[in-house]
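Subject: Structure for your review

Dear colleague,

Please find below the structure that I am handing over to you.

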Amino acid sequence: MTATPGAEHAERFTHLRPLLFTIAYEILGSATEADDVLQDSYLRWADVDLATVRDTKAYLAQLVTRQALNALRVRARRREDYIGPWLPEPLLLEPTDASSDVILAESVSMAMLVVLETLTPDERAVFVLHEVFGFSHDEIASTIDKSPNAVRQMAYRAREHVQSRRRRMKPVDFTTSVRVAEQFMTTAANGDMEQLLSMLAPDAAWTADSGGKAPAVRRPVVGAKRVAALVVSFLRRGPERVPGLRFETVNCNNAPAIVVYGGDELLGVFLVEVVDGKITNFYAMANPEKLAGIARPRTIRR
């Protein structure tokens with residue numbers, strides 16, 4: 001039986017949804033906004049005459065990218081009033097969802113997403129589409145309404161910018177990172193400062209995003225001693241302030257993430273970045289508006 005036009009639209013979109021979600025998420029740094037972009041994109045896709053579509057993947061990637069860029073530009077205007085550091089929204093993954101694909105794993109890492117925030121919207125889209133998903137300069141040019149030569153130059157600038165700020169791009173050993181993160185939490189709970197310092201890089205940093213909507217340090221804390229003291233203080237005083245305080249380790253952005261609960265209430269999550277066996281960064285999310293995505297794991301693809 002021949003599928004109805006509406007069913008064929010849905011079938012093609014559903015098949016590519018993990019890839020389209022990943023594109024939107026990497027451009028926006030927000031799973032919630034990526035969902036909105038996909039919903040809006042599907043409504044537009046449903047009105048497309050499929051007879052005019054030669055390459056469904058390229059067509060839908062272009063459609064989603066344009067919608068994501070529109071959302072990114074709108075958000076950029078709102079960011080001026082944001083309180084404290086802004087971090088991308090954590091993305092809950094199955095433990096092995098991205099680890100087998102080195103490029104994909106690196107591209108959704110919190111460290112990479114933080115660097116992508118320093119690009120212009122067009123540069124970010126070009127970098128994501130070309131470096132991660134392998135779209136050609138010509139394909140990207142039609143997506144962002146630039147010439148292929150302009151896209152080529154933009155891709156070069158974006159790649160140089162990213163590489164200068166993210167030099168340690170290598171395969172992510174998720175299992176080792178989990179072991180280090182859990183050992184750190186156990187050691188911190190025991191208050192062993194000497195052991196804690198041996199697990200932290202000298203310039204380790206703690207960055208928290210609360211948006212002014214939850215208690216959190218509003219400036220990054222830098223330096224192994226200061227970060228260790230912050231975590232130990234939290235673990236010692238937390239149970240007194242929050243009844244039923246508990247922790248759970250999950251996979252966010254292909255890195256170990258400690259989810260913090262007060263009873264059944266989700267209070268926050270912090271991702272742990274491990275490089276060469278040392279913890280280099282904690283990315284803490286306390287803004288309740290950015291915690292909704294922790295409720296369900298996502299599938300990402302290239």
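The notes below take up a pair of helices, a group of aromatic rings and two further sites. Please bear in mind that this is a predicted model.

Helices H6 and H7

Two packed helices are described by the angle between their axes and the distance between the axes. Helix H6 covers residues 121-132 and helix H7 covers residues 137-144. Their axes lie 10 Å apart, and the helices pack at an angle of about 145 degrees. The crossing of H6 and H7 is right-handed. On the H6 side, the contact is made by Asp122, Val126, Leu129 and His130. H7 contributes His137, Ile140, Thr143 and Ile144. Sorted by class, the residues in this contact of H6 with H7 are four nonpolar, three polar and one charged.

Aromatic rings

The count of aromatic pairs comes to eight. A pair of aromatic rings is described by the distance of the centres and the angle of the planes. One of the pairs joins Trp206 and Phe270, with 5.3 Å from centre to centre and 45 degrees between the planes, and it is tilted. Trp206 belongs to strand E2 (residues 200-209) and Phe270 to strand E6 (residues 265-275), so this pair ties together parts that are 64 residues apart in sequence.

Are these two residues buried or exposed? Trp206 has a relative accessibility of 12% and counts as buried. Phe270 is buried as well, with a relative accessible area of 6%.

Trp206 also pairs with Phe282: the ring centres are 5.4 Å apart and the planes stand at 40 degrees, so this pair is tilted. Phe282 lies in strand E7 (residues 278-285) and Trp206 in strand E2, so the pair ties together parts that are 76 residues apart in sequence. Trp206 and Phe282 are both buried.

Which residues do ring pairs link into a cluster? They are Phe184, Trp206, Phe270 and Phe282.

Two further sites

Thr207 is also found in strand E2. With a relative accessible area of 13%, Thr207 is buried. Once its neighbours within four places in sequence are left aside, Thr207 is in contact with Pro85, Leu87, Pro220, Phe282, Tyr283 and Ala284.

Finally, Arg246 lies over the face of Tyr261, at 4.3 Å from the ring centre.

Yours sincerely,

A colleague

Note on methods. Residues are numbered from 1 along each chain as its sequence is written. This is a predicted model: local features need pLDDT of at least 70, side-chain atom pairs count only at pLDDT 80 or more; totals for chains, interfaces and linings use all residues. Side-chain values use heavy atoms; hydrogens and water are left out. Axes are lines fitted to C-alpha atoms, for helices over the stretch in contact, and angles run from 0 to 180 degrees between N-to-C directions. Helices (H or I, at least four residues) and strands (E, at least two) are DSSP runs, numbered from the N terminus. A crossing is left-handed if the near helix is turned anticlockwise from the far one by less than a right angle, and right-handed if clockwise. Contact means heavy atoms within 4.5 Å. Ala, Val, Leu, Ile, Met, Phe, Trp, Tyr, Cys and Pro count as nonpolar, Asp, Glu, Lys and Arg as charged, and the others, Gly among them, as polar. Rings of Phe, Tyr and Trp (its six-membered ring) pair if their centres lie within 6.5 Å; planes under 30 degrees apart count as stacked, over 60 as edge-to-face and the rest as tilted. Buried means under 20% relative accessible area, exposed over 50%, partly exposed in between (1.4 Å probe, protein chains only). A charge sits over a ring if NZ of Lys or CZ of Arg is within 6 Å of the ring centre and within 35 degrees of the ring normal.
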